Protein chains: 2
Amino acid sequence: MMIDKDTRILIVGLGVIGGSYAIALSREGYHVSCITKEPEDVRYALARGMIEEGSTDPDPTLIANADIIVFALYPATFVEWVRENGHLIKETTLVTDVSGVKSGVVYTVQELLGDRVEFISAHPMAGRERSGVEFADPEVFRGANYIVTPTERNTPEAIQTCKELGRILGFAKISELSVEEHDRMIGFLSQLTHVIAVTLMTSNDTPGLEKYTGDSFRDLTRIAKINDAMWSELFISNKAALLAEMDRFIGEFSAFRDMLRASDREGMREKMRESTARRTLFDKPKIG
Amino acid sequence: MMIDKDTRILIVGLGVIGGSYAIALSREGYHVSCITKEPEDVRYALARGMIEEGSTDPDPTLIANADIIVFALYPATFVEWVRENGHLIKETTLVTDVSGVKSGVVYTVQELLGDRVEFISAHPMAGRERSGVEFADPEVFRGANYIVTPTERNTPEAIQTCKELGRILGFAKISELSVEEHDRMIGFLSQLTHVIAVTLMTSNDTPGLEKYTGDSFRDLTRIAKINDAMWSELFISNKAALLAEMDRFIGEFSAFRDMLRASDREGMREKMRESTARRTLFDKPKIG
């Protein structure tokens, strides 16, 4: 499928990410519609020109008219939606998503849609600390990663179309990972960091600590303001990979504690030098 | 002692912090001199007008002429310097420092100087990832905390003068903590966060991970680029407090892991809500 200005894109779930997709795609001149739970979110999106049409029901006409459907729901809600309404999707429609975890989602949805409709999964690695369509802003895609996670059921054409969508949305880097590689990577880079931030905030409630905080502590806990409904579901959906990363982190952290306890200065310095050298790889590339 | 434009301030140790003190104080019109190890650092500071005089030796005249001496050395080097050269300091001179840990330093230095010279300790909570006088920049003091840690040996006059110095340097918040409160606070807010950042960098060396990193991981590991000589010494100097914070963190982190393992979604959500609420306290105040 080629994406052109006649392409009709249906977004299911109008939160921060779904809303940001709607704004970006409407600005680029595509026909965007939505299905989302709250009537006021539909009105909000219509009033701002984010969508041309919207419904709070799984409207068969909206679904049948879509060339591309983007699911921007929480993983379990997404799977449930496809189970109940997947038969309304027409055969030529390409289905994609924005789920932050893949192994618990991709195979199930592909199984539900069978050979009739192709589902190619993607993860736009962007977001905001606040939730709701009123915080939608496609600026969060600039400089961010968009990862396509094909399985052996996917066609080269669908993979290309899905990548093209990422480029239209404004992502800086478009890449491909297997479902399993993706979930291990997310378990470490994203989920483990959120667990650490939350744990830092809950492990010490000495009154007045905030008066002395500096930028280091603020940086490590920025993501401790967290959407508990979404992240608890994402953690459980990726339980095996996240547990493995947590155990590895505890092991390494405990080894450092043992070096400190033994006043093993050279051992700690070696870890710090390794950390300093490796962190350089993760520096943000200069834009422009 | 009143600090006025005739006040002569000697800085011992011209690194990032000592250098930033020198720039800030010279700009404000005070007489600044320095004693530091490397001849090229003295030349650098003289050429840029950061100091009026400088020496690489514990020059008795520079020391005797100082109204205020600021030690900006690593803790162990500071204690050693006072042990060897403390007798050169004249009785009316006020001695202060910038050490990031206090219990291993303050009592020892006060003991060495006895009742002859007053030492009032302070911690400017600011710094940079790079070390060396060429990275000195008093801008790092803006919006930052300056903490005075008096003991029962200190006079109200010295405490006031030390706070006045913090205001002149441009710190936003000047406060007082006991030596022990300070070290517990630092163990948590600063040292534990550095151990976590280092551990995150060293616990997973999967090739190519950096291609997928987002801002969350970058934020949590910014301080993983670390001066290994300085921080290993600071950790050991504050071993008891840091070990206590590390153990508390491991306990809380392991409890979270157990909730995840049990798919205890409500337990994790409760921690996340606690974390979200508490993090709000730590938001940066708007400046201006």
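## Helices α10 and α11 of chain A

In chain A, A:Phe256, A:Met259 and A:Leu260 of α10(A) meet A:Gly267, A:Met268 and A:Lys271 of α11(A). Two residues are taken to be in contact if their C-beta atoms, placed from the backbone, lie within 7 Å. Helices (H or I, at least four residues) and strands (E, at least two) are DSSP runs, numbered from the N terminus. By class, the contact of α10(A) with α11(A) comprises 4 nonpolar, 1 polar and 1 charged residues. In this classification Ala, Val, Leu, Ile, Met, Phe, Trp, Tyr, Cys and Pro are nonpolar, Asp, Glu, Lys and Arg are charged, and the others, Gly among them, are polar.

The angle between α10(A) and α11(A) is about 145°, and their axes are 8 Å apart. Axes are lines fitted to C-alpha atoms, for helices over the stretch in contact, and angles run from 0 to 180 degrees between N-to-C directions.

## Model and numbering

The model is predicted: local features need pLDDT of at least 70 and side-chain atom pairs count only at pLDDT 80 or more, whereas totals for chains, interfaces and linings use all residues. Residues are numbered from 1 along each chain as its sequence is written, while chains are lettered from A and ligands numbered from 1 in the order in which they are written.

## Helices α7 and α10 of chain B

Helix α7 (residues 179-202) of chain B packs on helix α10 (residues 239-261) of chain B at an angle of about 60°, with 8 Å between the axes. The two helices, α7(B) and α10(B), are therefore oblique to each other. Angles under 35 degrees count as roughly parallel, over 145 as roughly antiparallel, 65 to 115 as roughly perpendicular and the rest as oblique. The crossing of α7(B) past α10(B) is right-handed; a crossing is left-handed if the near helix is turned anticlockwise from the far one by less than a right angle, and right-handed if clockwise.

Residues of α7(B) in this contact include B:Phe188, B:Leu192 and B:Val195, and those of α10(B) include B:Leu242, B:Met246 and B:Phe249. The contact of α7(B) with α10(B) divides into 8 nonpolar, 2 polar and 3 charged residues.

## Domains of chain A

Chain A is divided into domain 1 (8-177) and domain 2 (182-280), with bounds that come from an automatic or database domain assignment. The C-alpha centres of domain 1 and domain 2 of chain A are 31 Å apart. Their contact takes 14 residues from domain 1 of chain A and 11 residues from domain 2 of chain A. On the domain 1 side there are 6 nonpolar, 6 polar and 2 charged residues.

## Contact between the chains

In chain A, 70 residues are in contact with 70 residues of chain B. Among the elements of chain A giving two or more residues to this side are β8 (145-148), α7 (179-202) and α9 (228-237). The most comes from α10(A), with 14 residues. The side of chain A that touches chain B has 32 nonpolar, 17 polar and 21 charged residues.

## Symmetry

A rotation of 180° with 0.0 Å of shift along its axis superposes chain A on chain B (RMSD 0.1 Å), which is the relation of a two-fold axis. Copies are superposed by least squares on the C-alpha atoms of residues with pLDDT of at least 70 in both. In chain A, the C-alpha of A:Leu220 is the nearest to the axis, 2.3 Å from it. The same surface serves both copies, as 100% of the contact residues of chain A recur in chain B.
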